[in-house]
Amino acid sequence: MKISVIGTGYVGLVTGTCLAETGNEVICVDIDKEKVKKMRNGEVPIYEPHLDVLFERNIKAGRLRFTTSLEEGLNHGEIIFLALPTPEDEDGSADLSYVLGVAEDIGRLMNDYKVIVDKSTVPVGTAEKVNEVISKNAKCDFDVVSNPEFLREGFAVDDFLKPERIVVGSTSERAIELMKKLYKPYVRSGNPIIIMDEKSAELTKYAANSFLATKITFMNEIANYCEKVGADVSKVRIGMGTDSRIGKRFLFPGIGYGGSCFPKDVKALHKSGKDDNYDFKILESVIDVNATQKLALLPKIKNHFKDNLKGKTFAMWGLAFKPETDDIREAPALDIINELLNEGAKIKAFDPEAMNNVARKCGDKIEFSKTMYDALQGTDALIICTEWSIFRTPDFDKIKNNLTDNVIFDGRNLYDLEDIKKENLSYYSIGREAII
Ligand code: UGA
């Protein structure tokens, strides 16, 4: 099939590349000339495991092309994906100006029937708005479909090629048939394509992300309470998670959720509720608890160093908001760095992928190291902010030989307490006994 994807951000690029992988002819459109030039030369603008291989293969095969011309994109595709940013407005709502701006252009430029697919996470009622905006200038038939994406950063290619489910929001038989045909190769294992109306599809995305953020936040509160009463959250987690109604996943406590999706989507759903006279009390609490949780290590650090961090140097392992990504949006590490710098401390950081992004943001306020062990040299303590696999089985002797105060503050509960006890280290984690 002929497909166009407007917007080559994270979602657009993965969507375009993975749609080409099953033989579709895909054109990706972006207004950023430099980016388009680089992609034409085979350069992948983001870090996402396996994307580079698919990207190269499909460009070589001529199935994946890039342009800055919306008109070229529109002439090409019978299905047009909108994968445009919906950033957070000052009041927490999703800013739709990019989506509606492009919809206006589509209305003017479209010459034959198209299915316009909203892939971006957009508030309930957006498909209706897009429909209205396109209708103003449209000279031909079209349908607007809501098709939210559920990709996780770090697993996006796998999630796209083998989705647990595909949600298609449409009331047009013609559009539904085309969407089913497009997605057929991706649901060979029998996973469902769930058809519903546009508004329900739009809300499904916000509800799913907000539910997961709530699940994590609930566990973070249980973890905080475990510390008060001397219980161990890793045991509570297993005890709870084996109930199939609860499930094992997304119960890992830590220093809060981050990234480009959960924080933005929880706030946007909360704000949409307010606009529609519905007060999502639970989401308000989730937002508040998460903001505090991102700094959950701070009181432990301050307490350990008797409120005097001036002149102390901290090694920091992990900067990205989660492993397998270079994304630092809403990353807890950034909040911790700010607080520590304000207290007069210094930081030596290591992250396998995210150091360039942090360097752009923090400049020379912190030092970066080539390896996780280099980051330890001349430091007093180690702080762990991201659970990269490489940090899971470290050489504890190297840690002890470098830190002047043998202490680890672990925001991701990477180590078994029993193992740590053998190492003669002080160790603070989340929701578990502190080893001092
Ligand atoms: C999330 C959803 O999982 C995707 O389904 C969705 O498509 C995507 O948002 C989106 O809206 O585009 P992502 O932001 O890539 O994906 O990351 P997740 O793996 O879901 O993690 C989100 C945050 O929750 C991270 O900060 C992670 O550290 C935290 N988390 C996750 C926990 O603190 N504990 C857990 O048990 C799981």
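User: How many Å separate the centres of domain 1 and domain 2?
Analyst: In this predicted model, the centres of domain 1 and domain 2, taken over C-alpha atoms, are separated by 29 Å. By class, the side of domain 1 that touches domain 2 has five nonpolar, three polar and three charged residues.

User: And where are the bounds of the domains, and how many residues of domain 1 and domain 2 are in contact?
Analyst: The domain assignment divides the protein chain into domain 1 (2–195), domain 2 (205–293) and domain 3 (297–428). Between domain 1 and domain 2, the contact involves eleven residues of domain 1 and ten residues of domain 2.

User: OK, on to the ligand. Which residues come nearest?
Analyst: The shell around the ligand has 20 residues, and of these E153, F252, Y257, G259 and C261 come nearest. By class, the shell divides into eleven nonpolar, five polar and four charged residues.

User: Which domains does that shell draw on, and which element gives the largest share?
Analyst: Domain 1 (2–195) and domain 2 (205–293) each supply at least three residues to the shell around the ligand. Taken by element, the largest share comes from α9, with three residues.

User: What about E153, is it buried or exposed, and where does it lie?
Analyst: E153 lies in the loop between β6 (142–146) and α7, and it is buried because 24 other C-beta atoms lie within 10 Å, where 20 or more are needed for that label. Leaving aside neighbours within four places in sequence, E153 is in contact with G259, T325 and D327.

User: Then C261, what does UniProt say about it?
Analyst: The UniProt annotation "active site", from an unreviewed entry, covers C261. In the model C261 is found in the loop between α10 (233–241) and α11, and C261 counts as buried because it has 25 C-beta neighbours inside 10 Å.

User: Which residues does UniProt list for "binding site"?
Analyst: One "binding site" annotation, from an unreviewed entry in UniProt, lists D30, K35, T86, T121, E153, K264 and R329. These positions are spread over 300 residues of sequence and are also spread in space, with up to 25.1 Å between C-alpha atoms. A "binding site" annotation in UniProt, again from an unreviewed entry, also covers F150, L151, R152, E153, K205, F250, L251, F252, P253, G254, G258 and K322. Those residues are spread over 173 residues of sequence, and in space they reach up to 23.7 Å between C-alpha atoms.

User: Switching to the core: which residues touch the most other members?
Analyst: In the largest nonpolar core, which has 118 residues, V14, I80, L82, I116, M316, L319 and I383 touch the most other members. Helix α9 (residues 198–229) gives the largest share of this core, with eight residues.

User: What is V14 in contact with?
Analyst: Apart from neighbours within four places in sequence, V14 is in contact with E48, L51, L151, A156, V157 and F160. One of these, V157, lies in helix α7 (residues 156–161) and counts as buried because it has 21 C-beta neighbours inside 10 Å. With the same exclusion of neighbours within four places, the contacts of V157 include V14, C18, E48 and P49.

User: Last one: where is A175, and what does it touch?
Analyst: A175 has its place in helix α8 (residues 173–183), and A175 is buried because 23 other C-beta atoms lie within 10 Å. Not counting residues up to four places away in sequence, A175 touches V115, D143, V145 and S170.

Technical notes. Residues are numbered from 1 along each chain as its sequence is written. This is a predicted model: local features need pLDDT of at least 70, side-chain atom pairs count only at pLDDT 80 or more; totals for chains, interfaces and linings use all residues. A nonpolar core is a set of buried Ala, Val, Leu, Ile, Met, Phe, Trp, Tyr and Cys residues joined through C-beta atoms within 7 Å. A residue is buried if 20 or more other C-beta atoms lie within 10 Å of its own, exposed if 12 or fewer, and partly exposed in between; C-beta atoms are placed from the backbone. Helices (H or I, at least four residues) and strands (E, at least two) are DSSP runs, numbered from the N terminus. Two residues are in contact if their C-beta atoms, placed from the backbone, lie within 7 Å. UniProt positions are given in the numbering used here, feature names are shortened, and annotations may be inferred rather than shown by experiment. A residue is near a molecule or strand if its C-beta atom, placed from the backbone, lies within 6 Å of it. Ala, Val, Leu, Ile, Met, Phe, Trp, Tyr, Cys and Pro count as nonpolar, Asp, Glu, Lys and Arg as charged, and the others, Gly among them, as polar. Domain bounds come from an automatic or database domain assignment.
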